[in-house]
Amino acid sequence: MFDLFTSMLREEWRVHSTMFGSLSFALFPFLIFGIAFMGSFVIPLVEKTLPVGNLAIVVHANYLVLGLMVGGFGMLGNEVMNRRFGQASLLAYSARSLPLSERNIFASFVVKDTVYYFFLWVFPFAFGYILASPFIHVPLASALYLLLTLTLSFLFGLCGIFFLSTVYVWSKPVFWLFLILLFTGIGGILATGLNPAILFPPLLLHNGFSWTNLLLSCAVLASLFTVSLWLFNPESVGSEKRYEDTFSPLLQRCSPLPNPPLAAKDMIDLYRSGSLIGQTIFSFIVPLVVIWFFLSLMDRMFPSHGLVFLFAITTGVIASTMYTWVTMFDNFGPYACLPVAVSTLISGKLTTFAILQIIPAVFIAVVAALSGEAAYIVPAVVLGIAVSFYAVSVMAWLCGLSPDVLVYDVKVLFVYLVLVGLVITVFSAVAFMNPYYSFAAIILAIPAWLLVQKAKVRWDAVDPAGF
Amino acid sequence: MTLVIEARDLSKAYGDVQAVDHVTLAVKEGALFGLLGPNGSGKTTMIRMLTGQTLPTGGEARVLGIDAAKDPVEVRKRVGIIPEQETPPSFLTAMEYLKFVAAVRKIPDLGKKADWWFDFLDFADKKDVLCKDLSRGTRQKLMFTQAFIHEPALALIDEPLINFDPIMQDLVKDYLAGYVKSGNTIFLSTHILEVAEEICSEFAILHKGKLLHAGPVADLKAEGGHLPSFFLSLVRRDHRV
């Protein structure tokens, strides 16, 4: 079992390092470290406008969301990963040839991913803060303590979404029942006037250490993890379920769009794999509800209308990751026998992405309406969708058809953060000044279009022999 | 006679590994050309370069007069390809996949053609099943169909028989022989030597990326040669060298 785990660690390393080199992958945590280290020196400067307590909420919420975004392991029983990495024959899909149960292999895979994410994201960030702590007069013990609470925060997101996604695959009615109970519980707490965030164990711990809280947190995490593993059910292979032709009518509907067959095929992939609903819930709605919740705790820091626009921008950035939903089903391999270029595929994936943008548009509108900012629905939607299209164009230019792998190339991540961060900063300020200035975000269509053209030229020139 | 494939000094290196090493060969129109070689000899890389799926690191390849590196899409538009691995999209049914191929290739009147192929390769009962749920043999039938459904003048096929049962192999061999008789060309990569000897008009042997031999099967037979033993002696000799 341990051999399998170490082999998987090695395999994960090679998947990335063969795509963009060992050094670029190894430097990834250094970038996160650098951001945290340098960011720590800004804390004393922003302390007046952003109290340390609120900053702690932001950081813990970020790691909770990170865990939420990466923890949908319950969806892995299906064909998606097999398609994406099938030709690489990952160990996670070798149950038929190894004398190990699928559950053992899956458990190793999940632990391996968790360890990777910890060393790529959580540890470097906390370590950056720990090293900076003497310079900003933060006690070392307090900085070390952040490593513990951030790790717990990340694990709560990861195990929580692992559990929810497994229940979702296991039984849809149970999943919905569970979700209703969860939100009813949170609603009940809100109704009592209590802030549910203070019940979030990592934040509780951050505010004051308690062995009981720590042990309780670990017990909850272990329970979620164990139940998820126990419920995990690998997809049965070889079922002969029959399907009616959905492709032809979808092709007709997509005919006004560019690359209709590719868009129709992608929509079918998303729908039949269960990813459309699964990803919308686990990679979009749940993280955004959490973000909305934590942002709303800090609403006094923004102009009256600011929160909804900040949320629209955040939704735009998260919505841009929908590009990974449509690129995860296949690399160039399955298309190599057809007369399509990589640029055509990129364009096809972006067409499907554009169709999916109805989800963030509706989501922003609903949130704006629910938060009493209905007057700003249109500018907020325009801002969010403009940011989403801009961010996806950056992603397509930097990563082509492999955003989920190439994001771990330190150069790619750095350029992405700079290009997207700049736009977020500028348009947050613009929206805070006057909500209707948000319409200016339409101008992002120009760099987005240019970046997509550059992406097409760039990735057509690259040998598509990846995996 | 017109040359449909011309490879000049074609090379492909993956880092330090020379997968294909300065290969020069020509395939005439109407030939059933067999590219033979042991595992890892560079056959698949050759097909991938000839169809523009991967870029050569040296030399050039012209397929139907088109530079495969400069205009790979045009090459793939005009040829049929069976890739090494049968990878139709998982969540389309077999029929939907053919409709997808027809839409990409702009093939009119797919219905009758598709029905003919489903009957010919005996998998009509699987046309509404998702590709991910098909057996490897049925997936191979589907990939065979997509390669020939637009009736290309040239098909480049990589181990097309490997997942077929003996009855299907026989059927497909007859189909390939008939296909070239009607003036088309087939570039077949295989390491099943008996099949190559039976159906190929010309052959070439690759070993460790190098071309060891190229010529008509008839010449070999005229000299009393036997393709499997000729292949084995040539490869073993090269291996010792």
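Which residue of β10(B) does Ala204(B) stand opposite? In this predicted model, Ala204(B) faces Ala214(B) of β10(B), within an antiparallel pairing of strand β9 (residues 202–207) and strand β10 (residues 210–216) of chain B that extends over 6 bridges. Two strands count as paired if DSSP finds at least two bridges between them, and the elements themselves are DSSP runs, numbered from the N terminus, with helices (H or I) of at least four residues and strands (E) of at least two. Residues are numbered from 1 along each chain as its sequence is written, while chains are lettered from A and ligands numbered from 1 in the order in which they are written. Because the model is predicted, local features need pLDDT of at least 70 and side-chain atom pairs count only at pLDDT 80 or more, whereas totals for chains, interfaces and linings use all residues.

**Confidence and domains of chain A**

The pLDDT, which is the predictor's confidence in each residue on a scale from 0 to 100, averages 86 in chain A, with 91% of the residues scoring at least 70.

Chain A is divided into domain 1 (1–235) and domain 2 (255–467), with bounds that come from an automatic or database domain assignment. The C-alpha centres of domain 1 and domain 2 of chain A lie 23 Å apart.

**Core and interface**

The largest nonpolar core has 199 residues, of which Leu383(A), Val387(A) and Phe33(B) touch the most other members. Both domain 1 (1–235) and domain 2 (255–467) of chain A give residues to this core, so it lies between them. Such a core is a set of buried Ala, Val, Leu, Ile, Met, Phe, Trp, Tyr and Cys residues joined through C-beta atoms within 7 Å. Leaving aside neighbours within four places in sequence, Phe33(B) is in contact with residues including Val27(B), Ile186(B), Phe187(B) and Phe203(B).

Between the chains, 31 residues of chain B are in contact with 30 residues of chain A. On the side of chain B that touches chain A, α2 (72–78), α3 (94–105) and α5 (136–148) of chain B each supply at least two residues, and α3(B) gives the most, with 8 residues.

**Sheets of chain B**

An open sheet of 4 strands runs in the order β2-β1-β4-β5 in chain B, with antiparallel pairing. Its edge strands are β2 (17–28) and β5 (66–67) of chain B, each of which pairs on one side only. Strand β4 (residues 58–63) of chain B is joined to β5(B) by 2 bridges, and Val63(B) stands opposite Ile66(B) in β5(B). Helix α1 (residues 43–50) of chain B lies across β1 (3–14), β2 and β4 of chain B and runs at about 65° to β2(B); axes are lines fitted to C-alpha atoms, for helices over the stretch in contact, and angles run from 0 to 180 degrees between N-to-C directions.

Pro56(B) is placed in the loop between α1 and β4 of chain B and counts as buried, with 24 C-beta neighbours inside 10 Å. A residue is buried if 20 or more other C-beta atoms lie within 10 Å of its own, exposed if 12 or fewer, and partly exposed in between. Not counting residues up to four places away in sequence, Pro56(B) touches Leu10(B), Ser11(B), Lys12(B), Met49(B), Ala61(B) and Ala69(B).

In a parallel pairing, β6(B) and strand β7 (residues 154–158) of chain B share 4 bridges, and the bridge partner of Gly80(B) in β7(B) is Ala155(B). Val79(B) and Ile81(B) point one way from strand β6 (residues 79–82) of chain B, and Gly80(B) and Ile82(B) the other way, all of them being buried.

**Positive phi angles**

Most residues other than glycine have a negative phi.

| Residue | Phi | Location |
|---|---|---|
| Asn259(A) | about 50° | loop between α12 (247–254) and α13 (260–272) of chain A |
| Lys208(B) | near 50° | hairpin of β9(B) and β10(B), with 2 residues between the strands |

Asn259(A) counts as buried, with 22 C-beta neighbours inside 10 Å, whereas Asp109(B) is exposed, with 8 other C-beta atoms within 10 Å.

Key: Two residues are in contact if their C-beta atoms, placed from the backbone, lie within 7 Å.
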